[in-house]
Structures are given as C-alpha cells and as structure tokens.
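Me: I have a model open and would like to go through some local details with you. Can we start with the backbone and then move on to the side chains?

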Amino acid sequence: MRVTGILIVLLYSLWSSASAENAAAPNPPKQLVCSLDLCTLLLKDEAVMKENVEAMRTQLKEIMSRLTVTEHDLESLRKQNKEQNNELEALRSRINTTEKKLGEQQLKKRPSDRTNVAFSASLRSFGSVGPFKEETTLRYSNVFTNIGNGYDTTTGIFTAPVSGVYLFLFYDHALGGQSAYLTLTKNGQRIVTTGHHKNMNEGSNNGANAVTIRLSKGDQMSVRLWGESWVFDDDKNYTTFTGILLFSV
C-alpha cells in the first residue's frame, strides 16, 4: 500500500509540472513528421506518378494526331464517294440515252428491213406420181405461198435466201396397194423420211414428217420420192411441202 501511495504522489507531481510548462510555453506550429523510410516511399510514388502522367500526355498527343489523320482520310473518302456517285449517275444517264436511241431505232425499223421467208405448195398431180426406177425430186407445182421467192416450181427445190433456222413439213397420200417413201434432203443428203409398205388390204395410206434445221444462205432443200414408190394428189391437195424461216442467224 505504501508503494502504491508513493507512485500516485510521483505521478501527480509529474503531471503538475508538465501542466505548468505547457501553460507557460507558446503554441508551436504543427509539422508533418514522418520516418525516413516513409518519406522515401512517398517521394518514389510521386516520381512514378509524374512519369505515368507524362506517359499519358504523350499517348493522348499521339491519339489526337491519329484522330486528325483519320478525319482527313474520312474527308478524302467522302470526296471520292461523291465523285464516284457523280460518275455513276453520268453512266446511268448515258445508258438510258443509249437504250432510248436503240428503242427509237427499232421503232423506225421498217418491215422491209426484216427478212421473211415462207413457202407452201402441193403436187396437184390429179393422180399418182411414180413409180420411178431411181430416187426422184418431187416438183410441187401448185404454190400457195412463196414469200422470199426461195422455192422454185420448175425444180421442186427450195434455196435458202438467208441463213437461219427453218421449219420444214411434208405430207403424202398414197393408195393402199402401193408403197410410198419420201425423204427430205439438204443439199442432196437425207434428213428425215416418211413412208409405208404396200398393203393390198388398205384403201389408202398417209404419211408426214417435220424437222427444224439450220441453213446457211444458198443451202437447198427438196423432197425426193424413193425408187419404186408412189404418191397421190388431186385438187384436194393431199401431198404438200412447206418451209418457214423461224429466225435469222
């Protein structure tokens, strides 16, 4: 207990002395006090921050420079696009003008400028034609149509006045007791044939064939009757030969 009392007295004395000194001394200015290690760390952080700020400023300058270049390129592209649009519009105008002129030329084109070719004729033999010992060209003397004057009644041959694609048709009639074979030829070469055998039990027979063929100007087409064959015709025009130009090439 005595020790405790002594400690209390000593602590009171020290407190009284410190209070008296504090009351007598003026208030000093407050200062930031740090340890050596802490100050060194703060200085290092400040230097790093300055370097980072400077690097960010440099990057910002580069970005602004690139942005300026990009804006310039964009303006150039806009200008080029405008020029291309103007050229495209001019081209469209030229195309429309050309199409209009072509249309006007087609409208002005006279029918006489276009080649039309068509013929059709019958044998008009008033009886049987044949038989012949050899293959013979039939002469269709009764002409219904001969536009383009390609068919010759004296020879029975059609000569193409223009190159093109033609349609040819030929029909025949014969008595049942006779055989009938006919061939369409081009420049003497067989193309298509129609025919039937001799049959005594039939009163009559009919045959027909047709073909679309390309001809050059001057090519000749004819219908030839085979040897030992017969065909029949009269004013009813059973046996006919027809050719039509579908289009020129």
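Me: Where is Pro131 found?
Reply: Pro131 is in the loop between β2 (127–129) and β3 (136–137), strands here being DSSP runs of E with at least two residues, numbered from the N terminus. The peptide bond that leads from Gly130 to Pro131 is cis, with omega near 0 degrees. This is a predicted model, in which local features need pLDDT of at least 70 and side-chain atom pairs count only at pLDDT 80 or more, while totals for chains, interfaces and linings use all residues. Residues are numbered from 1 along each chain as its sequence is written, and side-chain values use heavy atoms, with hydrogens and water left out.

Me: What about phi at Asn149, and is that residue buried or exposed?
Reply: Asn149 has a positive phi of about 55 degrees although it is not a glycine, and with 66% relative accessibility Asn149 counts as exposed (buried is under 20% relative accessible area, exposed over 50%, partly exposed in between, with a 1.4 Å probe and protein chains only). Most residues other than glycine have a negative phi.

Me: And Asn187, where does that lie?
Reply: Asn187 lies in the loop between β8 (180–186) and β9 (189–196), has a positive phi near 50 degrees, and is partly exposed at 41% relative accessible area.

Me: Switching to rings, how many aromatic pairs are there?
Reply: A search of the whole structure finds 11 aromatic pairs, a pair being rings of Phe, Tyr and Trp (its six-membered ring) with centres within 6.5 Å, where planes under 30 degrees apart count as stacked, over 60 as edge-to-face and the rest as tilted. For Phe119 and Phe241, the ring centres are 5.1 Å apart and the planes stand at 80 degrees, so this pair is edge-to-face. Because Phe119 lies in strand β1 (residues 118–122) and Phe241 in strand β13, the pair ties together parts that are 122 residues apart in sequence.

Me: Are those two buried or exposed?
Reply: Phe119 counts as buried at 2% relative accessibility, and Phe241 counts as buried at 0%.

Me: Which residues are in the ring cluster?
Reply: Ring pairs link Phe119, Tyr140, Tyr151, Phe158, Tyr166, Phe168 and Phe241 into a cluster.

Me: Last one, what does Thr240 contact?
Reply: Leaving aside neighbours within four places in sequence, Thr240 is in contact (heavy atoms within 4.5 Å) with Ala121, Ser122, Tyr140, Leu169, Phe170 and Tyr171. Thr240 lies in strand β13 (residues 240–248) and counts as buried at 14% relative accessibility.

How values were computed
Helices (H or I, at least four residues) and strands (E, at least two) are DSSP runs, numbered from the N terminus.
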